[in-house]
Amino acid sequence: LPDALPISLLDEREAPLAFAAEQQKGVGGFLLRQLLGHWRSFEIHLFDPSRRLSLRVLHPFRFLFRRLEVEDEGGRRLGAVQQRFAVFSKAFDVQDAGGRVVLQVRSPFWRLWTFAFQRRGSEVARVEKRWGGILAEAFTDRDTFRVTFGPSCAASERLLVLAASLFVDLVYFERKAG
């Protein structure tokens with residue numbers, strides 16, 4: 001993810017909804033990005049089509065169990081996405097502003113590209129990596145994701161799922177993630 005920024009978020013008709021960009025930290029930030037990749041701390045800002053800040057995603061330094069903290073444009077905490085221990089699956093929790101788990105993702109090993117967000121066992125949202133073609137998958141780090149929401153997914157949860165889609169790319173598909 002850090003090497004692929006800026007990111008465009010598009011609706012189903014491919015009209016721009018938002019743009020995401022990592023906030024640069026000068027030459028030192030550039031060197032840390034090259035040496036440490038996503039293991040370093042960094043900040044991503046999401047802007048609406050009129051270039052107004054709408055969401056901040058903070059990635060603190062973590063060696064294990066990575067985390068993204070999500071804030072609105074004014075710095076008010078909206079929640080977090082926290083990786084969990086799992087052996088043969090992908091697991092993380094989506095937490096609200098108070099730290100309570102509101103959505104869980106426990107994706108089995110055989111569903112490599114699908115991340116179902118569940119509340120009490122019912123799916124409320126889904127993030128799916130879309131196949132980019134053999135050449136794109138083999139020679140680039142470009143990824144395309146589709147995010148879908150069920151009718152019971154609240155507006156505050158939608159923002160957290162959107163941030164979680166960045167987390168999914170960072171943790172499971174970024175080339176430097178391995």
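How much space lies in the second largest pocket? About 190 Å³. The model is predicted. The protein has 178 residues, and 44% of them count as buried.

**Overall fold**

- The secondary structure comes to 3 helices and 11 strands.
- From the N terminus on, the order of elements is β-β-α-β-β-β-β-β-β-β-β-α-β-α.
- Take the contacts in the protein with a separation of 6 or more: residues 24 or more positions apart account for 35% of them.
- The protein has an accessible surface of about 10,100 Å². Carbon and sulfur atoms hold 58% of that surface.

**Nonpolar core**

- The largest nonpolar core has 34 residues.
- Seven names stand out for touching the most other members: Leu9, Ile44, Leu46, Val57, Phe92, Phe115 and Phe117.
- Helix α3, residues 155-173, gives this core its largest share, 11 residues.
- In soluble globular proteins, nonpolar side chains tend to be buried together.
- Phe115 touches Phe92, Val105, Ala125, Val127 and Val168, among others, once residues up to four places away in sequence are set aside.
- Tyr172 and Phe173 are also among the residues that Phe115 touches. The list includes Lys90, Ser107 and Arg126 as well.

**Second largest pocket**

- The lining consists of Arg66, Gln83, Val87, Phe88, Ser89, Lys90, Phe109, Leu112, Val171, Tyr172 and Phe173.
- By class, 7 of these residues are nonpolar, 2 are polar and 2 are charged.
- Strand β7 (89-96) and helix α3 each supply at least two lining residues.
- The largest share, 3 residues, comes from α3.

**Gln83 in the lining**

- Gln83 lines the second largest pocket and sits in strand β6, residues 77-83.
- Is Gln83 buried or exposed? Gln83 is buried, because its relative accessible area is 14%, and buried means under 20%.
- Leaving aside neighbours within four places in sequence, Gln83 is in contact with Phe65, Arg66, Ala91, Phe92, Phe167, Val171 and Tyr172.
- Three of these names, Arg66, Val171 and Tyr172, return in the pocket lining.

Methods: Residues numbered from 1 in each chain as written. Predicted model: local features only at pLDDT ≥ 70, side-chain atom pairs only at ≥ 80, totals over all residues. Heavy atoms only, no water. Core = buried A, V, L, I, M, F, W, Y, C linked by side-chain atoms within 4.5 Å. Buried < 20%, exposed > 50% of the residue type's maximum accessible area, 1.4 Å probe, protein only. Helix = DSSP H or I, 4+ residues; strand = E, 2+ residues; numbered from the N terminus. Contact = heavy atoms within 4.5 Å. Areas by Shrake-Rupley, 256 points an atom, 1.4 Å probe, with all protein chains shown as cover. 1 Å grid on protein atoms, 1.4 Å probe; cavity = no way out; pocket = protein on both sides within 12 Å on 5 of 7 lines; lining within 4 Å. Points joined across faces, edges and corners; volume = space filled by probe spheres on them. Nonpolar A, V, L, I, M, F, W, Y, C, P; charged D, E, K, R; others polar.
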